[in-house]
Amino acid sequence: MEKTVIIYTDGACSGNPGKGGWGYILKYGEHEKEGSGYSEETTNNKMELQAVIEALKALKRECNIELYTDSTYVKNGITNWIENWKKNNWRTSNKQDVKNKELWQELDELSAKHKISWNWVKGHSTDEYNNRVDKLARNEIDKNLK
């Protein structure tokens with residue numbers, strides 16, 4: 001049986017909107033891979049989504065995934081809200097355009113290639129990997145503030 005890839009993601013923003021960063025860690029057996037990036041003008045929610053998108057893009061083939069995020073926005077969006085958004089032509093139940101539609105569409109397309117278990121983890125707490133991805137995201141902001 002194929003091993004499961006464990007993914008931790010996080011996004012951060014200095015100001016909201018403001019300068020943003022995202023980070024991920026992929027774990028497969030004993031192997032780990034980190035990734036991170038920066039955006040000049042963004043929001044926290046966009047960075048949370050971008051972190052997951054970039055982590056999924058880093059995978060080379062279809063995988064079983066345990067994904068951990070501290071973003072209820074991402075977890076609820078992909079597991080609860082997205083099907084209705086698609087049925088309603090990317091509108092919310094209040095008939096408003098879905099915010100960050102392009103990112104949600106990209107995430108939907110990427111996640112369809114894998115079997116993903118979506119997990120929420122409390123941010124800024126005792127989870128070592130969540131704290132590491134938070135640091136990756138914040139480091140991207142810090143190095144671009146100078």
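Contact here means heavy atoms within 4.5 Å. By that criterion, and leaving aside neighbours within four places in sequence, A51 is in contact with T9, D10, W22, G23 and Y24. The model is a predicted one.

**Overall fold**

The protein has four helices and five strands. Along the sequence, they follow the pattern β-β-β-α-β-α-α-β-α. The radius of gyration is 15 Å, which agrees with the value near 15 Å for a compact globule of 146 residues. The C-alpha trace spans about 45 × 45 × 25 Å along the principal axes.

Of the 146 residues, 46% count as buried. The accessible surface comes to about 8,400 Å². Carbon and sulfur atoms own 44% of that surface. Among contacts with a separation of 6 or more, 67% come from residues 24 or more positions apart.

**The nonpolar cores**

The largest nonpolar core has 30 residues. Which of them touch the most other members? They are I7, L56, L59, I65, W104, L107 and W118. Elements giving two or more residues to this core include strand 1 (5–15), strand 2 (18–28), helix 1 (44–57) and strand 4 (64–69). Helix 2 (72–87), helix 3 (101–111) and strand 5 (115–120) also give two or more. Helix 1 provides the largest share, seven residues.

I65 shows how one of these core residues is surrounded. Not counting residues up to four places away in sequence, I65 touches T4, V5, I7, L56, L59, H114, K115, I116 and S117. A second, separate core has five residues, including Y8, I25, Y129 and V133.

| Residue | Relative accessible area | Class |
|---|---|---|
| A51 | 0% | buried |
| T42 | 4% | buried |
| W90 | 11% | buried |
| I116 | 18% | buried |
| K95 | 60% | exposed |

**Buried positions in helix and strand**

A51 is found in helix 1. Its relative accessible area is 0%, so A51 is buried. The C-alpha atoms of A51 and N130 are separated by 12 Å. Along the chain, A51 and N130 are 79 residues apart.

I116 sits in strand 5. Is I116 buried or exposed? I116 is buried because its relative accessible area, 18%, falls under the 20% cut-off. I116 and V133 are 17 residues apart in sequence. In space, they are 19 Å apart, C-alpha to C-alpha.

T42 belongs to strand 3, residues 31–42. T42 is buried, at 4% relative accessible area. Which residues does T42 touch, not counting those up to four places away in sequence? They are C13, N16, P17, G18, K19, G20 and M47.

**Backbone exceptions**

Most residues other than glycine have a negative phi, and most peptide bonds are trans. This model has departures from both patterns.

Which residues does a cis peptide bond join? It joins N16 and P17, with omega about 10 degrees. P17 lies in the loop between strand 1 and strand 2. Both N16 and P17 are among the residues that T42 touches.

The loop between helix 2 and helix 3 holds W90. K95 has its place in the loop between helix 2 and helix 3 as well. W90 has a positive phi of about 60 degrees although it is not a glycine. K95 is likewise not a glycine, and its phi is near 65 degrees.

How do W90 and K95 stand in accessibility, buried or exposed? W90 is buried, with a relative accessible area of 11%. K95 is exposed because its 60% lies over the 50% cut-off.

**In brief**

The model has a 30-residue largest core, to which helix 1 gives seven residues. A separate core of five residues includes V133. The cis bond joins N16 and P17, while positive phi values occur at W90 and K95.

How values were computed:
Residues numbered from 1 in each chain as written. Predicted model: local features only at pLDDT ≥ 70, side-chain atom pairs only at ≥ 80, totals over all residues. Heavy atoms only, no water. Rg over C-alpha atoms; globule rule 2.2 N^0.38 Å. Buried < 20%, exposed > 50% of the residue type's maximum accessible area, 1.4 Å probe, protein only. Areas by Shrake-Rupley, 256 points an atom, 1.4 Å probe, with all protein chains shown as cover. Core = buried A, V, L, I, M, F, W, Y, C linked by side-chain atoms within 4.5 Å.
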